[in-house]
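This report covers a ligand site, aromatic pairing and backbone geometry. Please view the sequence and structure below before reading on.

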Amino acid sequence: MTEIADAERLILARMAQAPVVREPLVRTSGRVLAEDVHAERDQPPFDRVTMDGIAIAYRDFASGIRRFKVRGTQAAGAPALDRQAPGECIEVMTGAMLPRGCDTVIPVERIQRRGDEAEVSESAEVAERQFVHPQGSDRRAGSVVLRRGTVIGGPEMAVLASAGKAEVAVAALPRVAVISTGDELVDVDEPIAPHQIRSCNDRAIETALTRHRLGTVTRARLPDDERVLLDEIGRLHEEHDMLILSGGVSMGQFDFVPAVLERLAVELVFHKIEQRPGRPMWFGIAREGKPVFALPGNPVSALVCTTRYVLPALRKSLGLAPYRVEHAVLTADVRMPARLGLFMPVVLESRPDGVLAAEPRPTNTSGDFITLAGTDGFVELPRGPEVYERGTAVRLFRW
Ligand code: AMP
Ligand code: MG
């Protein structure tokens, strides 16, 4: 049997880089940048006025001039006007280019307008170059403004747009087949008999992947039938970059998945991890280096294994940095199973003293997925101690 940390390492070592695709900007929200992005121009691209008011030459003010003749109006989006003579000013709007011959802006609140004259209030304090955002003071043209491996959120989108990137190189989303196996399974909208179960794993795994934009998902549901499993898994392998199966990996008479994967020449990397839930998990590599995760069917196991192993694997192939390692402090003692590591669902509370507290929410067997709803994630308790005591800081994984 494999240790939790070894399982993670073995999986990550086998993840290949996703190809790079060029996408129109509108389709890149939440995607992973696959190129460094450079500033198209200086930022700001010109000396930018930051207040509505008048622009003057500071030396006029320093020489005692308080009444300026308004020579023109400079709006945002217009080429720079010229201040031509001492004592002249240009009326300016926020976002306008600073007019030539000017270096200082006095806000409209600090002047009185009389006809074509603007008089600076006696009490107004004026500093040289005030209310001017100088050209290139944020970034110089050509400098790197975004690095590859960055997720495109709001701020990154603003930078891409300002850099004139109508098309962006991003990591292609892996095409993932999420396959539920089990004769008892019925889809959400089908009639159901007393001996049947609604399939929820495929839906849960799909959401875990797509809400973080880690892949595109095709769902499939297959019976416990070796022949059908062989044909269908073989076909799904052709059309996808990764397979995630759930169910059929334990020791039951109808648990055909490991044997079927072997017959499909999937290279076994490991079977079984010293963990609860999710002990029977199977991982291998199919032709063309495509990863195959075969997770236990119990919904708690399937979701915990997806979060602990599959999501980090997808992040790696997309070129993203690993999840930030997070810790939380247990609010109650947790008794450990013999010889196994434990994933314990938790509800988090961020306390005023800055401590992130994790309240254990044990499930009623690994079939009890109802209890998972409303939890924030789970903590990982490595095997060894008999009890993890309240107050212990432990590693946290969020859903
Ligand atoms: P298995 O790993 O196939 O032995 O399944 C373990 C338990 O999980 C059984 O009670 C199954 O009915 C249940 N199960 C398996 N697959 C799913 C699924 N897709 N959705 C809900 N429950 C499932
Ligand atoms: Mg089954």
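## Ligand site

The largest pocket is the space taken by ligand 1. The model is a predicted one, and the values in this report are computed from it. Around ligand 1 there are 13 residues, and the closest are Ser180, Glu184, Cys200, Gly248 and Gly297. By residue class, this shell holds four nonpolar, seven polar and two charged residues.

## Aromatic pairs

The count of aromatic pairs comes to seven. One of them is formed by Phe270 and Phe283, with 5.8 Å centre to centre and 35° between the ring planes. This pair is classed as tilted, because planes under 30 degrees apart would count as stacked and those over 60 as edge-to-face.

Phe270 belongs to strand 18 (residues 267–271) and Phe283 to strand 20 (residues 282–286), so their pairing ties together parts that are 13 residues apart in sequence.

## Backbone geometry

Most peptide bonds are trans, and most residues other than glycine have a negative phi. Against that background, the following places stand out.

A cis peptide bond joins Gln43 and Pro44, with omega about -10°. Pro44 is in the loop between strand 2 (37–38) and strand 3 (48–49). Another cis peptide bond joins Arg276 and Pro277, where omega is about -5°. The loop that holds Pro277 runs between strand 19 (275–276) and strand 20.

Ala265, a residue other than glycine, has a positive phi, near 65°. Ala265 is located in the loop between helix 6 (257–263) and strand 18, the strand in which Phe270 lies.

Conventions: Residues are numbered from 1 along each chain as its sequence is written. Chains are lettered from A and ligands numbered from 1 in the order in which they are written. This is a predicted model: local features need pLDDT of at least 70, side-chain atom pairs count only at pLDDT 80 or more; totals for chains, interfaces and linings use all residues. Side-chain values use heavy atoms; hydrogens and water are left out. A residue is near a molecule or strand if one of its heavy atoms lies within 4 Å of it. On a 1 Å grid over the protein atoms alone, a cavity is a set of points where a 1.4 Å probe fits but cannot get out, and a pocket is an open set with protein on both sides within 12 Å along at least five of seven lines; lining residues have an atom within 4 Å of a point. A molecule sits in a cavity or pocket if more than half of its atoms lie within 2 Å of its grid points. Ala, Val, Leu, Ile, Met, Phe, Trp, Tyr, Cys and Pro count as nonpolar, Asp, Glu, Lys and Arg as charged, and the others, Gly among them, as polar. Rings of Phe, Tyr and Trp (its six-membered ring) pair if their centres lie within 6.5 Å; planes under 30 degrees apart count as stacked, over 60 as edge-to-face and the rest as tilted. Helices (H or I, at least four residues) and strands (E, at least two) are DSSP runs, numbered from the N terminus.
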